[in-house]
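Have the viewer open as you read.

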Amino acid sequence: MNHTETPSPSPIHNTATQTAGALGHLRVLDLSRVLAGPWCTQNLADMGADVIKIEKPGEGDDTRHWGPPFFPDAQGNPSDNAVYFAACNRNKRSITVDMSTAEGQQLIRELAMQSDVVVENFKTGGLKRYGLDYASLSALNPRLIYCSVTGFGQTGPYAPRAGYDLLVQAMSGLMSITGRADSEPGGGPLRVGVAVIDLFTGMYATTAILGAVEARHHTGRGQHIDMALLDVAMAVLANQGAGFLNTGHVPGRQGNTHPSVVPYQDFPTADGRMLLAIGNDGQFARFCGAAGVDWARDERFATNAGRVIHRDALIPLMSDLTRGRPTAEWIALLEDKAVPCGPINHIGQAFDDAQVRARGLRVEQERYPGATPPAGETINRVVTTASPLRLSDTPTTLRHAPPALGQHTDEVLRERLGLDAQQLQALRVKGVV
């Protein structure tokens, strides 16, 4: 990748001296690309697992090219290297292997024989022709945990279909409950602002893999994990799905309001908008006391059930009230009353927030720590968002910045498979790596 990153005051993290992390004993072979699979393997890598990412020579993960935004080059102009890739590939080592060749397939098989976990997101059955499917690899390594991530799973009428986050957001009903009602300006179904089903699938896959690791302690065997975006999307409908399943009522879109909690939404202020997330009667009473109104004694509004029923009466009263002060004044007024209230930030404001900065959620890493980048590489610093996993005794580790394509090919094949310089050169001449 050829790009530069604008320097910032954030410290450079070179954590070779940190602990190995909770999963420092695990080896993971990452055959996935785009987001759901890489999000899973980044979680494992952040917790210390040694993750080897297999990429196609000359091309790599699709997200290396998904832009804009692109990293700037040495002159500050957009390069052809997309920022997207950096979001989900920290702490991994990248090697390039052409799995369409017999030699490439053999390299991957040998790596799998030394691995604890394989994660892949090819179409159902897509790796069988390469001899890299679960049945083939588990025959070589019975302890292998093999996680397949697909749009619709390994079974069912849709199993052969390709699945993408946006498609699954639509099919699952998530878009039907996201956005403003059709009767309001701007009404209509909307996708969530990030690929939330991919991300949830990555998190569920992480959980499933850790469950399989624990089971292996008792059985001595690995197993196949079948993760489907549609399954995950249906599961994370949560209370909205449970409401339909138990009442038959199909929920609709209602913007920033909550179907079961009031007031739980954005409100206008003297200089913009703020968010109130009042989740119980005590919080509502404290809000009323701070604001100098007696609504908590009104039988229509004294309980949450009453406030939901009388939403149309309460919300206009509250909106008239909240317009009387600027956002910062409301936040200051309510903060020590334990009434959840906050600004509606854009992403730049969020990263500049005092709490975000105090938690160290902006991470800057050197791609080639302590070394001069190779010829043609103009980037040595990459900024990502820190892992939210906070383990007191085995904290997450920072070992590798999101790698350049094939950055670790020679290193991994020498270390894992014992290949020498002559063997590596022969593979490179054939286009295998």
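## Helix α10 and its two faces

On the face of α10 turned away from its buried side sit the exposed residues Asp312 and Asp320. Exposed here is over 50% relative accessible area, buried is under 20%, and partly exposed is in between, with a 1.4 Å probe and protein chains only. Helices (H or I, at least four residues) and strands (E, at least two) are DSSP runs, numbered from the N terminus.

One caveat before going on: this is a predicted model, where local features need pLDDT of at least 70 and side-chain atom pairs count only at pLDDT 80 or more, while totals for chains, interfaces and linings use all residues. Residues are numbered from 1 along each chain as its sequence is written, and side-chain values use heavy atoms, with hydrogens and water left out.

Which residues of α10 are buried? They are Arg311, Leu314, Ile315, Met318, Ser319 and Thr322. These residues cover an arc of only 130 degrees around the axis, so they end up on the same side of α10; the arc is that of the directions from the helix axis to the C-beta atoms. In general, an α-helix has 3.6 residues a turn, so residues three or four places apart point the same way. The cover over the buried residues of α10 includes β10 (264–269), β11 (272–277), α8 (281–291), α9 (304–309) and α11 (327–335).

## Domains and cores

The domain assignment, automatic or from a database, gives domain 1 (27–245 + 377–430) and domain 2 (264–345). Taken over C-alpha atoms, the centres of domain 1 and domain 2 are 42 Å apart.

The largest nonpolar core has 32 residues, and Leu44, Ala49, Cys147, Ile197, Ile209, Ile225 and Met227 touch the most other members. A nonpolar core is a set of buried Ala, Val, Leu, Ile, Met, Phe, Trp, Tyr and Cys residues joined through side-chain atoms within 4.5 Å. Elements giving two or more residues to this core include α1 (36–46), β8 (145–150) and α5 (196–219). Helix α5 provides the largest share of this core, six residues. Another core, of 27 residues, lies apart from it, with Ile108, Val412, Leu419 and Leu424 among them.

Aspartate 198 is found in α5 and is buried, at a relative accessible area of 11%. Leaving out residues up to four places away in sequence, aspartate 198 touches Leu35, Ala36, Asp165 and Leu229, where contact means heavy atoms within 4.5 Å.

## Cysteines

How many disulfides does a search of the whole structure find? The search finds zero, with a disulfide taken as a pair of cysteine sulfur atoms within 2.5 Å. The sulfur of cysteine 40 has its closest cysteine sulfur in cysteine 147, at 5.4 Å, which is too far for a bond. For cysteine 288, the nearest cysteine sulfur is that of cysteine 341, 14 Å away.

Most residues other than glycine have a negative phi, and most peptide bonds are trans.

| Residue | Phi | Relative accessible area |
|---|---|---|
| Asparagine 91 | near 70 degrees | 1%, buried |
| Alanine 338 | near 55 degrees | 46%, partly exposed |

Asparagine 91 is in the loop between β5 (78–82) and β6 (92–96), and alanine 338 is in the loop between α11 and β12 (341–343). As for cis peptide bonds, one joins glycine 67 and proline 68, with omega about 5 degrees. Another cis bond joins proline 68 and proline 69, again with omega about 5 degrees.
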